[in-house]
Amino acid sequence: MRTGQIASILESLGDKDFDFASRIVDSALESLTLIPKGVFRLDTSGYFGELINTMTSEKKGASVLAVNSMSTSRWTDDPREGHYLQENFAAIKMGVSIRRIFLLDKSKMKDADGDQIRRTIIHQKEGGVLVEIAWFQDILHDRELHDDFVLFEDSNVVFVDEYDRIDPSRVLKGRKICKPPDKVEFDKYHRAFQTLIRTYCLD
């Protein structure tokens, strides 16, 4: 039924509109082919909706591993991040363990940015987040350690986001990766977290 509707719409369009509509269909098909593989492409609202739903569904004793490689101003400038952080604190009170690594730029720690970063970290620590710190300068050689993600060990789900190039404090889009079926990608992010903890996080 839907296939016929799509074909009918495409056939009714002129050249420019057809090209534009075809790109939309191609993008949708690309996203659909990823779903059986356990990968869901999400826009900004979909990303936060899925992320928060997963967090609020975690049970006592569950473990969440996160890497913050985006600007730390996300936590104060974006209301969606503020809502998500409150759900972090609520989950911690319910017995969920949340461990977050902040990837920080040493050069930003000596000015006003440094004060804002320290306040953000203190606030999260006070809320029960287990905070670790690593320097960007120490991992420049390894791109696989630069991603911003949240990994739910017990639910076997990892959320990976991309920040907005115009406003680095905001998430532009993201992916939800499920294990199974995508064990390879899930395990890649799990290894990245463990590598940061073992090798690069400050004592």
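Predicted model: local features only at pLDDT ≥ 70, side-chain atom pairs only at ≥ 80, totals over all residues.

Biologist: Which residues does Q124 touch, not counting residues up to four places away in sequence?

Modeller: Q124 has its place in helix α6, residues 112-126; helices (H or I, at least four residues) and strands (E, at least two) are DSSP runs, numbered from the N terminus. Leaving out residues up to four places away in sequence, the ones Q124 touches are W75, L85, F89, R100, F102, V129 and V131.

Biologist: Is Q124 buried or exposed?

Modeller: Buried means under 20% relative accessible area, exposed over 50%, and partly exposed in between (1.4 Å probe, protein chains only). Q124 has 0% relative accessibility, so Q124 counts as buried.

Biologist: And how does D138 count by relative accessibility?

Modeller: You'll find D138 in the loop between β4 (130-135) and β5 (148-152). Not counting residues up to four places away in sequence, D138 touches K106 and Y200. Its relative accessibility is 31%, so D138 counts as partly exposed.

Biologist: On to the rings: why is the pair of Y47 and F159 edge-to-face?

Modeller: A pair of aromatic rings is described by the distance of the centres and the angle of the planes. Rings of Phe, Tyr and Trp (its six-membered ring) pair if their centres lie within 6.5 Å; planes under 30 degrees apart count as stacked, over 60 as edge-to-face and the rest as tilted. By this rule there are five aromatic pairs. For Y47 and F159 the centres are 6.1 Å apart and the planes at 85 degrees, so the pair is edge-to-face.

Biologist: How many residues apart are Y47 and F159?

Modeller: Y47 sits in helix α3 (residues 44-57) and F159 in strand β6 (residues 157-163). The pair links distant parts of the chain, 112 residues apart.

Biologist: Which residues form one aromatic cluster?

Modeller: F152 and F159 also make an edge-to-face pair, at 5.9 Å centre to centre and 80 degrees between the planes. F152 is buried, with a relative accessible area of 0%, and F159 is buried at 0% too. One aromatic cluster is formed by Y47, F48, F152 and F159.

Biologist: Which ring does the charged end of R74 sit over?

Modeller: A charge sits over a ring if NZ of Lys or CZ of Arg is within 6 Å of the ring centre and within 35 degrees of the ring normal. K176 lies over the face of F40, 5.7 Å from the ring centre. For R74, the charged end is 5.2 Å from the centre of the ring of W75.

Biologist: How do the axes of α3 and α5 run: roughly parallel or roughly antiparallel?

Modeller: Axes are lines fitted to C-alpha atoms, for helices over the stretch in contact, and angles run from 0 to 180 degrees between N-to-C directions. Those of α3 and α5 (residues 79-93) come within 9 Å and cross at roughly 10 degrees. Angles under 35 degrees count as roughly parallel, over 145 as roughly antiparallel, 65 to 115 as roughly perpendicular and the rest as oblique. That makes α3 and α5 roughly parallel.

Note on methods
Residues numbered from 1 in each chain as written. Heavy atoms only, no water. Contact = heavy atoms within 4.5 Å.
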